[in-house]
Amino acid sequence: MRPLLEAVKVRRTFGGLVAVDDVDFRVDAAEIRALIGPNGAGKTTLANLLTGRLRPTSGRVYFEGQEITFLPAHRRVQLGIACTLQIPAVLRGLSVFENVLLAVQRAELRGPLGFLRPQGETLVVRVCEVLEAVGLLDTWEEPAGALPYGHQRLVELAMALALRPRLLVLDEPTQGLSPEEIARWTGLIRRVAQKTTVLLIEHNLPVVLDLAHRVTVMDRGRILFEGTPREVEEEPAVQRAYLGAGG
Amino acid sequence: MGRASGMRSGKHRVWGLHLGVLGGLGVLQFVLPPYHLGVVTRILLFSTYALAYNLLLGYTGLLSLGHALYFAAGMYGAGLPVYYLGLEAPQAFPVGVLGSAVMAALVGIPALRTTGLRFSIVTLLFGQTGYLLTLYFNRITWADQGLSLPLQVPPVLRYHLALLLFGVSLLGSLWIVRSPFGRVLVGLREHEERTHLLGYDPFLYRWVAHVLSGALCGAAGAAYALLFAYVGNAFASVLYSVYPLLWVLVGGAGTALGPLLGVALVTYAVEVASGLTHAYLVVVGAALICLIRVFPQGILGSLRKRGGRWLP
């Protein structure tokens with residue numbers, strides 16, 4: 001089966017530091033893949049190479065068989081790669097509704113003419129759908145910047161979902177959330193994954209073991225191990241590098 | 001859906017307010033003495049200029065210090081063909097608009113590789129280059145003394161045309177900023193990276209906004225040249241790049257009516273103060289500082305924050 005996303009020998013250096021070191025990485029359609037590893041392992045850098053926030057120093061990236069190595073991030077979004085960031089990025093001054101509307105119109109409108117016509121009811125209905133899915137319908141009117149941290153993450157997720165992505169890259173979505181919020185997220189991701197492939201960068205090991213179909217472990221810019229959650233738990237090298245070192 | 005109808009009524013209120021303002025300006029011509037009719041005509045033209053500036057500063061979040069370039073491009077683009085080729089005003093007007101649109105399109109390509117403070121500096125340099133070019137080609141532009149055009153527009157017609165231009169620009173820019181396209185501009189202003197990661201090319205959207213803004217500046221400049229039958233390079237100077245910034249900040253950046261309010265206030269502040277003293281700019285400056293202290297986001301910007309959130 002052709003992978004949904006494939007990175008071939010991608011490398012990214014920052015000055016003398018090799019953040020991602022000739023990594024081969026592939027994600028199959030319809031899976032939840034977790035990417036774990038200690039701080040500084042290169043997880044976020046690898047994710048950025050996939051979403052287009054960074055270009056690789058060398059190597060190639062393919063999405064559904066098409067090379068995307070040098071495509072800018074906005075073109076990749078149009079192909080179906082959406083992401084949320086480690087530090088939630090919302091349009092703070094705009095309402096939750098307007099935040100999601102900006103994402104909805106990207107997916108629903110076509111052509112320059114579509115972008116000059118005022119919004120139709122279909123867009124509004126779609127925004128409500130997405131907000132309902134993440135449970136934010138009640139706060140639609142509030143400025144996104146005024147929401148609690150956990151809810152800002154949900155706004156970001158809503159924006160990503162509104163893009164109808166084929167691949168959703170979530171960078172540490174549960175960081176800084178309470179246990180109740182984490183439980184809610186786990187349910188959400190599982191529901192999202194019925195339609196979308198999910199690449200989950202995560203520190204929280206119980207969440208990973210609970211959600212992921214497969215887990216990739218990175219350490220010092222390389223992939224250390226890849227397998228099912230159970231295999232990861234039992235692999236001594238992983239325990240040394242990650243669990244033992246106290247990540 | 002209740003939400004959708006809630007947004008609809010807000011829409012009626014918005015369009016009602018703006019049409020009301022335009023109607024009020026229409027009535028004004030019957031009440032104003034001739035001198036003030038001329039002042040308000042200028043206010044309307046400069047408000048069009050300020051609207052164009054606000055599209056970039058208020059909605060896209062780009063602070064240009066070179067917009068006099070586009071105002072002057074419209075002015076010379078319309079004025080020179082009248083002077084040298086004997087073009088009629090209605091044909092000269094689109095030439096001016098086109099000239100400034102092309103200028104904005106070309107300048108935008110290098111200038112929009114930067115944002116923030118760098119963008120301000122780059123545009124300042126382009127603006128100054130334009131100003132110096134009017135002097136360099138002095139034999140053609142008569143920049144140092146100004147050109148009088150062989151046109152005569154009666155004051156009342158002048159007022160009507162200025163109001164028409166302002167009205168079309170106000171409703172047009174309102175439509176743009178409320179369209180999905182305008183929403184992307186606001187997205188770029190609020191959070192460039194997030195907007196980029198939603199699939200929008202920041203450069204492309206800023207460039208289109210820059211061209212629209214430049215063309216509208218040009219329309220204001222061309223109208224000024226044709227209605228007042230005068231072309232001068234004072235309008236290309238840095239002062240006229242700073243004016244729109246001042247107007248928009250006073251009225252409220254990112255508000256639809258802020259530009260008009262800002263131009264009107266500043267113009268009349270200068271009028272009143274210059275009647276009182278020769279050092280009128282000191283008085284105006286002091287008044288503006290006080291104003292900005294009371295309304296840090298411009299008058300309409302602060303009013304919106306204090307309860308008129310529906311204001312566009």
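This is a short tour of a predicted model, stop by stop, with something to select at each one.

Residues are numbered from 1 along each chain as its sequence is written, chains are lettered from A, and ligands are numbered from 1, in the order in which they are written. Because the model is predicted, local features need pLDDT of at least 70 and side-chain atom pairs count only at pLDDT 80 or more, while totals for chains, interfaces and linings use all residues.

**Stop 1: where the chains meet**

Colour chains A and B separately. Here 27 residues of chain A are in contact with 21 residues of chain B; "in contact" says that two C-beta atoms, placed from the backbone, lie within 7 Å. Helices here are DSSP runs (H or I, at least four residues), strands are runs of E of at least two, and both are numbered from the N terminus.

Sorted by class, this side of chain A has 18 nonpolar, five polar and four charged residues. Nonpolar covers Ala, Val, Leu, Ile, Met, Phe, Trp, Tyr, Cys and Pro; charged covers Asp, Glu, Lys and Arg; the others, Gly among them, are polar.

**Stop 2**

Axes are lines fitted to C-alpha atoms, for helices over the stretch in contact, and angles run from 0 to 180 degrees between N-to-C directions. Under 35 degrees counts as roughly parallel, over 145 as roughly antiparallel, 65 to 115 as roughly perpendicular, and the rest as oblique.

Show side chains next. V130(A), L131(A), A133(A) and V134(A) of α5(A) meet L154(A), L157(A), A158(A), L161(A) and A162(A) of α6(A). What classes of residue make up the contact of α5(A) with α6(A)? There are nine nonpolar, no polar and no charged residues.

While you are in α6, pick R153(A), which is found in this helix of chain A. R153(A) counts as buried because it has 26 C-beta neighbours inside 10 Å. The cut-offs are these: a residue is buried if 20 or more other C-beta atoms lie within 10 Å of its own, exposed if 12 or fewer, and partly exposed in between. Leaving aside neighbours within four places in sequence, R153(A) is in contact with P88(A) and P173(A).

**Stop 3: two loops in chain A**

Go to A30(A), in the loop between β2 (17–27) and β3 (32–36) of chain A. Its phi is near 70°, a positive value in a residue other than glycine. With 14 C-beta neighbours inside 10 Å, A30(A) counts as partly exposed.

R164(A) is the next pick, in the loop between α6 and β7 (167–171) of chain A. Phi of R164(A) is near 50°, again positive in a residue other than glycine. R164(A) counts as partly exposed, with 17 C-beta neighbours inside 10 Å.

**Stop 4: a helix pair in chain B**

Select helix α7 (residues 155–178) of chain B together with α10(B); they pack at an angle of about 175°, with their axes 11 Å apart. That makes α7(B) roughly antiparallel to α10(B). From α7(B), the contact uses R158(B), L161(B), A162(B), L165(B) and S169(B), and from α10(B) it uses L216(B), A219(B), A223(B) and L227(B). These residues divide into seven nonpolar, one polar and one charged.

Zoom in on A223(B). Not counting residues up to four places away in sequence, A223(B) touches L45(B), F93(B), L161(B), A162(B) and L165(B).

**Stop 5: across the boundary**

Finish with H196(B), in helix α9 (residues 192–197) of chain B. Is H196(B) buried or exposed? H196(B) counts as buried, with 21 C-beta neighbours inside 10 Å. Which residues does H196(B) touch, not counting those up to four places away in sequence? They are A73(A), H74(A) and P202(B). Now draw a distance from H196(B) to V184(B), twelve residues apart along the chain: their C-alpha atoms are separated by 9.5 Å.
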